[in-house]
Structure formats: structure tokens, C-alpha cells
Amino acid sequence: MSARAVYGIVAREFVRFLRQRGRVLASIGRPFVWLVFAGAGFAAVFAGRNQIDYRVYMAPGLLGMVVMFGSLLAALSTVTDREAGVLRMVLVAPIRRSTIAFGKTLGATLLGTAQALVVAGLLLPVVHLRPTLAGALLGLVAVVLSGLAMGALGLVLAASIRSIENFAGVMNFVIFPMLFLSGALYPVRHLGLVLRAVAYANPLAYGVDLLKHALLGAWAEAGYGGELPVPLDCGALVLFAIVGLALAASLLGREGGVTRTALRGRS
Amino acid sequence: MTAAAIDARGLGKDFGAIRALDQLDLEVREGEFFGLLGPNGAGKTTTVHLFATLLAPSRGTARVAGYDVVREGLSVRRSIGLVFQDTTLDRDLTITENLRFAARLWSLPERVARPRIDVLLRQFELLERRDDPVRTLSGGMRRAVDIARGILHQPRILFLDEPTAGLDPRARRSLWERIRALRAGSGLTVLLTTHYVEEAEPCDRVAVLDRGRLAALGTPAELKQAAGVRSLEEVFLAHTGHPLAETDGG
């Protein structure tokens, strides 16, 4: 594994992200839009019935959402890289496919983590949530592991999809079900058996659960904290990341990624 | 015995039912300026991608810089530079950022990469534009950056896949100047693919490729003499039965 190559791939992701002002603003503004529009509405519906302000309940889920968008969409850059030809420059470099997959995933993870940290710094004071030190550290672990799993998943999608249009479609079918079945907006345990089973196939569900452990410890007694054991959450996220990375590496190395399109363009 | 820069034996590649390259036997010598001439779809790019380990051969073997393209892909990629038909630069990054990105991919330490990038930028007359995003550059300048990127790690063999495609005549001339200067200053082996006959003229040797098969091989003078004609264009016609231009895009 070439550390310098990984660093190069990660550094490029950051430079590109920071240069796209719209993307930066969207990633920071999006959770507040949800907080205001969804949060205020649901808080009014549920007012009085619950022991927790819905906006507080939403906070871990919104951070999970920031990581999901941040890391999953960072993998989008692999599709643009393919379309713009940059991916070929990377593929002809003397590095292994697994190094490319790792660099891309790490870049996505760090981007997602950085966005989540910025949003956490703004969001938590707004909803009057003050995590304990242990809670904050567990939250950081949750964000990093979720970023890894999301980045790897995004890379698998990006590596198996050829064009941007296709990618946008798939993202719509992936992002929203993933968000709703993550426990970000309502507890997973209230879902029916089938949907609950689907939720547990969703990496974001483990990330959000871990974030609830980290931030909603005070409401655990009332049933609003994490539902699964912390080690299970961590283990599941690590497993998603490893399987995703392995799959992405083999998909990136799949031949025809370079020449087949050239051949098609000709006929 | 000095190893050939490139040694292909019975090399072939199929895409499903399409036989992109049949059975290529080819030896490119160290330091040679070698041309692969043929119309679009003749198998030139496929051949280059096989040599660059971007494709796995369907049959046959090839050694590039002494390394087997199937078993020693990393060593092959370390020894070669490849300038693709279309630019591979990141349009949103500046020239310097693109070159620095490439330097890291090739694991060049910063202290080696920095002066080397400076030299290349000066050599390719890009110093003034070094901090401009690539998307603001002309086609000729982008091509120059592509080539600078391709030789940044000082490869032994440089592949140029249709390097002048889409360039205006002036940019073409300056590109050939650069390639000539580059070869003069080093023992660099250059393999060029082109469907322009005039671009194959300055090559030491030319292989004529048609529909995935090697139709002729020799120096431009030999090829013309053997076919009893005066131009490489006619050589192509004599060997394949159809003119180069008409099969364009086929």
C-alpha cells in the first residue's frame, strides 16, 4: 500500500470539495432544513406525548444524515472521475486497485467526518444537547465508522454504475429508504418485522444507533437511546466497510472499465 | 542480450464476439520511436491498453520493459508513461495540482517531484499558467500537461495514443517539437499510435494494423519500397486493399 498515493487521493478529494461552494453550503444547511421543517412539524404533533423534544431526538439522526450525504456523495466523485477520464490516470499508476479503493473510501470518510463535526458544533447548541466527554468520543467513533461504511458502499455503487444519470437515479432509491430506515426520524423498534429486517441490513441504522448511544444517553430509560449493543453497532459498521472495500476494489479492477467504452463510442 | 522494450507474442484480445486484436507478434527496441498506424477500430488502443496492463489479454503474452503484463502489472506500470487519447486531467484543479496529484500516485517524494514539475513546466512553456485551472487551457496546452504528466516519473517507455487528436495544426507542430526534444534528451522509447500517415513518417519503424491484424512492419522507407509505392498511405492500401481514410470511424 502506497501511503503517498493514498494521501494524494485524499488530498484531491478535499481540494475539490472545498472548491465547490454549493456542495459545502448544502452539506451544512441540509440538516437545519430538516430540523426546521420536519422537526418543528413533528415536534408539534408529538408534543406532550413524549418525554423528549422531537428536535433533540432528531439530532443524532441528522448527524448520521450528514455523514451519509457527505461520504456517500463523495463516492460520486468516482463516477465523475470515470466520465472525465481522471480515473484512467489513477488506474495506470503503479498502485493496487485496493489502494485506490482505500484512498477513495478514506477521503469520503474524512470528508463526511469533517462535515459532521462542523454541523455538530452548530446543531447541538441549537437543540440544547450537551454530550458528556465519553458521549462525544463515542459520537466521533460513530461518525468515523459510519463514514467508512458509507464511503465503501458509495464506492461500490459508483464502481458498478457507468454514468452520472444512472447514478442519480440509484442514489434516489438508496438515500431516502436508507434515511427513513435508519432510525434517524423514528425508532426502528416501532417498525414491522419486514421493515425492521430491512433496517438491519442498512449500515446507517447502526451508525445512527451508535450516535443515539452517544448523545441520547439521558433518555435511554425512556426508550429513546440506542437500541442495539454498542459492540454490535461497531462490528456491523466495520463489517460493512470491509466487505464494501473488497467489493469496490474488485469492481474497480474489473477489466473493460477503460477500453470498452472507447470501443462502444466508435460503433 | 539486451531485452526488447516491448515483446509481444501471439497477443490477442476479444470483447465478447468482437476480435479487437487477433494475434500480434511485435518487438519494439530500446530507444526506438515506433509507430502503430491504422484506421480507427484497427486495434491500436486495445494494443496500447494491453501493454499498459489496463486490459488482460485473451491470448498470447507480452513483456513490457522486461516485465510480464499479466503477472507483473505493477512493475510494468512503474516503467511506462501513457498519454491517453482523451485528456485525463482533472479540469477543476490547476496545472500544478494535477501534476502534484500524479506525482503522489507515482509515489514520488515531494523533494523530487517539486523541481521536476518546475523543469517540465518551463520546458513545456506552461510556467505562467501553472496556477490556472485546466478547464481554462487550450487543447494544445492540455495535451502538453498530459504529456508532462506522462513523463513526470521518468518512464522508460512512453505510449502516445493518438496524441494529436483534436488539435489544430499549430498545436500539432509544437507537440511534435516537444516529442522530438524529449527523445533527443533521453533514451526514451516511444510508441505512437496514429491514423495520420504523415505522423508515422518520422518513426524509426512502423507497424500497419488493420482490423486487429498486423498488415505490415518495417521502416517507412522499407515499407514504401516493398510495396513499390511512394507514400505510407499507398503502403496501407497495398497491404489491406482499402485506403486508410475511408475506413475511418469504421
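This is a short chat about the packing inside a predicted model.

Q: What should I know about the numbering and the model before we start?
A: Residues count from 1 along each chain as its sequence is written, and chains are lettered from A in the order in which they are written. The model is predicted, so to speak of local features takes pLDDT of at least 70, side-chain atom pairs count only at pLDDT 80 or more, totals for chains, interfaces and linings use all residues, and side-chain values use heavy atoms, without hydrogens and water.

Q: How many residues does the largest nonpolar core have?
A: It has 99 residues. A nonpolar core is a set of buried Ala, Val, Leu, Ile, Met, Phe, Trp, Tyr and Cys residues joined through side-chain atoms within 4.5 Å. Buried means under 20% relative accessible area, exposed over 50%, partly exposed in between (1.4 Å probe, protein chains only).

Q: Which residues have the most contacts inside it?
A: B:Ile6, B:Phe51, B:Leu105, B:Phe159 and B:Leu191. Helix 3 of chain B, residues 95-105, gives the most to this core, with six residues. Helices (H or I, at least four residues) and strands (E, at least two) are DSSP runs, numbered from the N terminus.

Q: What does B:Ile6 touch?
A: Beyond four places in sequence, its partners include B:Leu26, B:Val28, B:Phe51, B:Phe159 and B:Leu191. Contact means heavy atoms within 4.5 Å.

Q: New topic. Is B:Leu82 buried or exposed?
A: B:Leu82 is buried, with a relative accessible area of 2%. Its place is in strand 6 of chain B, residues 80-83.

Q: And which residues is B:Leu82 in contact with?
A: Leaving aside neighbours within four places in sequence, they include A:Val92, B:Val48, B:Ala52 and B:Phe159.

Q: Where is B:Ser79?
A: B:Ser79 is in helix 2 of chain B, residues 73-79. B:Ser79 is buried, with a relative accessible area of 10%. Among its contacts outside four places in sequence are B:Tyr67 and B:Pro155.

Q: Over to chain A. At what angle do helix 1 and helix 6 of chain A pack?
A: At about 40°, with their axes 8 Å apart. Axes are lines fitted to C-alpha atoms, for helices over the stretch in contact, and angles run from 0 to 180 degrees between N-to-C directions.

Q: How do the residues of that contact divide?
A: The contact of helix 1 of chain A with helix 6 of chain A has 10 nonpolar, four polar and three charged residues. Ala, Val, Leu, Ile, Met, Phe, Trp, Tyr, Cys and Pro count as nonpolar, Asp, Glu, Lys and Arg as charged, and the others, Gly among them, as polar.
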